[in-house]
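Colleague: Could you walk me through this model? I have not looked at it before.
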2 protein chains.
Amino acid sequence: MQDFLIRERDLAFLLHDHLGIARLADRPRFAGQGRETWDAVIGTARRIAAEKFRPHNRASDLDEPRIENGKIVVHPDIGPAIAAFSEAGFAAAHHDEAVGGMQLPWVVTQAAFANFQAANLSTVAYPFLTIAAGNLIAAHGSESQKERFLAPLTDGRFFGTMMLSEPHAGSSLSDVRTLAKPQEDGAWSLTGTKMWISGGEHEMAENIVHLVLARTPDAPPGVKGLSLFLVPRYRLDADGNPGRENGVVLAGLNHKMGYRGTVNTVINLGEGAPCIGELIGERNRGLTYMFHMMNEARIGVGSGAVALAYTGYLHSLDYARTRPQGRHPDGKDATSPQIPLIEHADIRRMLLLQKAVAEGGLALCLGAALLVDDQRTHSDEAVRRDAGLLLDFLTPVIKSFLSDRALEANDAAIQIHGGAGYTRDFPVEQFWRDNRLNPIHEGANGIQAIDLMGRKLGQADGRSFALFRGGIAETAAAAKSVTTLRPLAEELEAVSDRFASLAETILGRLAEDPRRTLANAAAFMDAAGYLALARVWLAQALTAERLLADGAGDGAFLTGKIETCRFVFAWLLPRAGPLLTLLESGDDTVFRMPGESF
Amino acid sequence: MQDFLIRERDLAFLLHDHLGIARLADRPRFAGQGRETWDAVIGTARRIAAEKFRPHNRASDLDEPRIENGKIVVHPDIGPAIAAFSEAGFAAAHHDEAVGGMQLPWVVTQAAFANFQAANLSTVAYPFLTIAAGNLIAAHGSESQKERFLAPLTDGRFFGTMMLSEPHAGSSLSDVRTLAKPQEDGAWSLTGTKMWISGGEHEMAENIVHLVLARTPDAPPGVKGLSLFLVPRYRLDADGNPGRENGVVLAGLNHKMGYRGTVNTVINLGEGAPCIGELIGERNRGLTYMFHMMNEARIGVGSGAVALAYTGYLHSLDYARTRPQGRHPDGKDATSPQIPLIEHADIRRMLLLQKAVAEGGLALCLGAALLVDDQRTHSDEAVRRDAGLLLDFLTPVIKSFLSDRALEANDAAIQIHGGAGYTRDFPVEQFWRDNRLNPIHEGANGIQAIDLMGRKLGQADGRSFALFRGGIAETAAAAKSVTTLRPLAEELEAVSDRFASLAETILGRLAEDPRRTLANAAAFMDAAGYLALARVWLAQALTAERLLADGAGDGAFLTGKIETCRFVFAWLLPRAGPLLTLLESGDDTVFRMPGESF
């Protein structure tokens with residue numbers, strides 16, 4: 001039976017043919033590993049995702065978290081699924097073997113993860129946050145913090161969360177008010193209210209480790225006065241086991257439209273009892289540390305969105321192939337049998353759109369994961385640095401452009417199903433609802449656009465952007481050598497050149513009038529996104545042409561890659577055109593509109 | 001307290017300044033009516049919508065219809081709201097005074113209706129279908145049918161439905177199988193299963209009048225063999241009152257993602273007991289008659305979508321004005337107070353998008369309603385004919401382009417609310433879910449696009465399209481006389497000329513290779529839609545400039561119209577560019593994609 005997860009054939013193409021991850025095996029950290037190891041890991045992920053995650057995806061949507069006797073009750077299949085995930089070692093997959101990990105490349109763990117995300121995005125959110133919390137502690141925690149918290153976070157006993165927002169401060173972290181007062185013993189006592197805390201409270205783990213942004217009494221105002229605290233739900237006893245309660249008090253649940261399996265909470269810190277936290281790293285550097293977790297989370301938002309686009313694509317493809325409906329516009333003989341939906345061109349358009357976003361988006365996310373590996377394990381320091389800089393540029397694009405496009409893809413999945421897609425008899429309406437959170441959380445898309453245009457464009461004297469441009473130029477140059485791809489390569493170059501010249505202009509304008517310039521940041525983001533998507537499709541088409549020329553394998557599959565690339569260049573990349581025109585003109589309609597004229 | 005319905009100031013502008021409906025008062029049918037009458041009617045609609053429809057919008061979403069003891073239970077506030085609607089005369093508002101109607105212009109009833117749609121789209125669906133059923137019977141029923149059914153349909157005792165789809169035939173009416181066998185007494189006995197029947201069964205009315213597409217035993221295959229039958233849930237007794245059951249049997253409910261107040265059913269006809277229907281009009285002409293109802297329903301889908309965009313706009317505007325969050329990108333002093341969301345440019349972009357769709361979409365829908373009035377009551381036969389032809393062209397555009405854009409608008413309303421918009425604490429997530437049905441029902445948007453390109457473009461030797469083009473040319477010519485609007489007028493002309501020249505090419509291609517040509521119909525639809533939207537905004541801006549020049553009234557409001565027009569020309573009309581390029585090139589990626597390559 002079809003599991004509607006990430007297709008094996010595609011994943012093999014992306015990891016091995018497109019990204020060529022075999023080269024990672026040469027690095028000391030991954031010694032002894034190789035395609036066989038990695039495929040086995042991904043195969044295990046797929047099996048667990050299909051057996052333990054996917055079956056309760058609808059059930060946990062219908063049975064949203066509730067409070068009973070002061071405790072949160074979540075759907076009963078969520079806990080066992082996470083336990084299976086941890087038992088198979090996925091929570092520690094990329095960690096050092098010395099601490100019980102598998103020391104896998106990040107790109108392999110993310111490929112494995114995509115199957116969990118496609119199977120059940122809400123359930124995988126718990127380990128996702130837990131892994132990110134562990135990574136933050138591994139990177140910035142003290143030795144003692146690592147010793148006490150890393151093992152239980154990676155073996156599934158403790159879960160993790162990130163506590164940033166407050167009721168009056170969602171996007172504006174500058175206004176975080178939660179207060180941390182120093183205690184005589186070096187610990188800190190926290191008081192405040194945190195909002196939108198995913199996985200903030202439940203009974204599935206022995207303990208929950210909250211990473212909390214708060215302000216010390218003497219801290220300067222704004223984000224430069226934020227410190228990061230490790231706040232366990234239960235304080236650890238002398239043996240490192242959860243002991244007494246720590247003043248982390250559930251104040252309420254948020255009732256969401258989708259993503260319902262992930263409990264979302266309002267939490268009061270220090271209510272009734274003292275809430276004791278440990279400082280992570282230095283004071284006033286909390287946001288810097290938190291960005292470690294947030295950047296990982298942002299790529300995770302993009303890949304989660306893409307995974308929903310992917311499974312939605314497969315579901316609507318299955319429906320389109322099996323549901324007979326109507327006839328061709330030029331063949332109206334009503335006595336002939338109805339044809340399958342997929343024979344209708346407009347259905348194919350909606351399938352191509354989804355394939356473009358799902359497979360292309362996955363390629364972008366896996367490419368970003370490979371940059372994480374290069375940043376961490378490449379032998380050349382300059383390559384490591386560049387990988388980080390390119391990743392900085394791509395992160396907001398992956399988070400927001402892909403979450404917007406993935407919603408568009410899920411919308412098409414519903415439309416292909418017709419009325420059936422609007423009912424609970426099929427999963428696509430849930431994918432669309434679940435996916436709607438992705439443009440909002442971990443930094444709303446509008447803020448990502450300001451980050452991209454206002455910070456990343458000029459970052460490191462333009463090095464981040466130059467690397468983005470360089471990747472495009474490299475792909476275009478290579479694609480020119482294939483006759484059939486040459487026109488697409490030239491088109492990509494033309495749009496990229498136009499974008500680069502615009503970027504010059506924008507950097508000048510940003511210096512003169514940032515507010516007016518940033519008013520059109522959303523257009524800049526989308527233009528960058530379409531360029532990134534077109535590039536990754538041209539690269540895939542190039543790989544497919546090479547494999548076809550080599551007589552290597554599955555012609556129908558490879559033709560699909562090439563034709564989808566053509567679709568992207570005919571239907572999607574051109575959307576960048578009017579956005580670039582708008583940006584070039586410096587149009588200030590949005591900036592100028594008087595508030596009272598709405 | 002704000003009611004978040006269609007703003008009075010805007011409606012006055014659209015009806016009186018923009019459309020100039022005062023001229024209708026000169027027509028004999030509307031003698032004695034005028035602005036005062038019409039404003040009073042709309043005011044009453046607004047009041048009832050606010051008091052009886054809006055309050056249970058969320059409640060009927062949470063409390064979706066269910067079956068208890070074989071009977072459908074809907075939320076208890078729905079029935080009383082519809083009763084208030086009927087008691088105030090809205091079900092009969094446009095009918096002849098002789099049959100108890102108010103003989104109002106259609107455009108006035110639709111303006112009134114927009115308030116009900118903005119207040120509660122699910123509840124208003126029942127009277128909406130009832131009115132459409134009554135109109136069909138008024139147009140095509142026999143004198144006896146009119147006598148027996150029109151009065152109870154217009155006074156609220158009977159409700160109406162349209163029964164087209166069947167489980168194996170949603171979009172493909174050609175494949176309808178429901179059978180109607182002639183009885184000795186001239187009546188017909190129906191057997192079959194009907195699917196997706198909104199309002200198909202409930203206990204809120206004394207009777208339900210189903211208009212059923214079915215096939216007589218000797219009928220030719222396809223749509224030319226469909227006849228239309230009037231099938232009451234309860235047969236009428238000698239006095240015209242509902243008597244015994246008529247074999248219309250509830251077979252199940254569809255559980256929808258939104259639009260939940262409207263019960264959606266599967267109905268078996270002739271199960272257990274005979275189901276007796278009356279033929280409407282002539283045999284095999286059923287689809288022609290049904291199109292009377294469907295075209296009305298399609299415009300209704302567009303205006304319902306727009307009404308949701310409108311109320312979503314007002315809700316997010318209110319939130320943006322009252323919620324402080326963050327600071328300007330160039331003013332990061334964290335000790336200064338947070339600014340209201342509306343001061344952020346990207347929030348204004350999302351508000352402008354919504355305003356463009358909501359107010360512009362409403363202008364298009366009211367313009368279409370005025371065409372209905374011209375078609376029915378203009379003194380000049382040529383004008384009447386042209387109004388109908390233009391309406392034919394606009395109907396699929398209003399149905400599908402506006403339903404797609406309205407979803408985009410509701411998406412922006414959620415985004416402005418941030419995480420709050422994703423919860424049930426605010427209504428915008430429901431608007432988005434409710435609105436998602438609109439691209440699907442009453443003919444999926446893909447089919448509307450084929451209708452527009454394949455039929456309407458060449459209809460009446462191109463007269464329909466020429467009228468569409470003529471309207472654009474007229475507006476552009478007038479706008480050129482205003483210096484500040486001249487560049488926009490020239491832009492509109494340029495896009496329109498390009499579209500017209502493309503249309504010539506397409507007509508040629510359609511004759512040669514219809515299947516390949518229609519494969520890109522969705523792009524054609526969107527290009528037409530952006531042209532229509534830009535035209536209606538340029539016309540509004542022109543009116544606003546005229547009023548400003550006359551010193552007539554509210555500068556902030558009129559400036560808003562002009563600035564939103566600029567937004568449409570900077571951000572939305574340019575989207576047509578790449579679509580036109582695609583269509584001009586005759587790109588056949590979608591047509592060519594092999595089914596096995598997905």
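Modeller: Let us begin with one pair of residues: B:S189 stands opposite B:I276 in β12(B). Please bear in mind throughout that this is a predicted model.

Colleague: How many bridges join β5(B) to β12(B)?

Modeller: Two bridges join β5(B) to strand β12 (residues 276-280) of chain B, and these strands run antiparallel.

Colleague: With which other strands does β5(B) pair in the antiparallel sense?

Modeller: Strand β11 (residues 264-269) of chain B pairs with β5(B) in the antiparallel sense over five bridges. There, B:T193 stands opposite B:N268 in β11(B). Strand β4 (residues 179-182) of chain B is also antiparallel to β5(B), with four bridges between them. In that pairing B:A180 faces B:L190, the residue opposite it in β5(B).

Colleague: What lies between the strands in the hairpin of β4(B) and β5(B)?

Modeller: Five residues lie between the strands of that hairpin, in which B:G186 takes a positive phi near 95°.

Colleague: How many residues of β5(B) are buried?

Modeller: Eight of the eleven residues in strand β5 (residues 188-198) of chain B are buried, so the strand is mostly covered.

Colleague: Turning to chain A, are the residues of β6(A) buried or exposed?

Modeller: Strand β6 (residues 207-215) of chain A is largely enclosed by the rest of the structure, because nine of its nine residues are buried. A:N207, A:V209, A:L211, A:L213 and A:R215 point one way from β6(A), while A:I208, A:H210, A:V212 and A:A214 point the other way, and all are buried. In a regular strand, side chains alternate between the two faces of the sheet.

Colleague: And where does A:V212 find its bridge partner in β7(A)?

Modeller: The bridge partner of A:V212 in β7(A) is A:F229. Strand β7 (residues 226-232) of chain A pairs with β6(A) in the antiparallel sense over seven bridges. A:V212 in β6(A) also stands opposite A:M163. Strand β3 (residues 158-163) of chain A is joined to β6(A) by six bridges, and these two strands run parallel.

Colleague: Which residues have the most contacts inside the largest nonpolar core?

Modeller: They are A:L538 and B:L538, in a core of 422 residues. Leaving aside its neighbours within four places in sequence, A:L538 is in contact with A:T475, A:A479, A:L485, A:L488, A:A489, A:L492 and A:C565.

Colleague: Let us move to the two chains together. How many residues of chain B are in contact with chain A?

Modeller: 79 residues of chain B are in contact with 79 residues of chain A. Several elements of chain B give two or more residues to this side, including α9 (345-377), α10 (381-417) and α16 (521-549). α17(B) gives the most, with eight residues. By class, the side of chain B that touches chain A has 35 nonpolar, 26 polar and 18 charged residues.

Colleague: Why do you say the copies meet through the same surface?

Modeller: The copies meet through the same surface because 100% of the interface residues of chain B are also interface residues in chain A.

Colleague: What rotation superposes chain B on chain A?

Modeller: A rotation of 180° does so, with 0.0 Å of shift along its axis and an RMSD of 0.0 Å. The two copies are therefore related as by a two-fold rotation axis. In chain B, the C-alpha nearest the axis belongs to B:R575, 3.5 Å from it.

How values were computed. Residues numbered from 1 in each chain as written. Chains lettered and ligands numbered in written order. Predicted model: local features only at pLDDT ≥ 70, side-chain atom pairs only at ≥ 80, totals over all residues. Contact = placed C-beta atoms within 7 Å. Nonpolar A, V, L, I, M, F, W, Y, C, P; charged D, E, K, R; others polar. Buried ≥ 20, exposed ≤ 12 C-beta atoms within 10 Å, placed from the backbone. Pairing = 2+ DSSP bridges. Core = buried A, V, L, I, M, F, W, Y, C linked by C-beta atoms within 7 Å. Least-squares fit on C-alpha atoms with pLDDT ≥ 70 in both.
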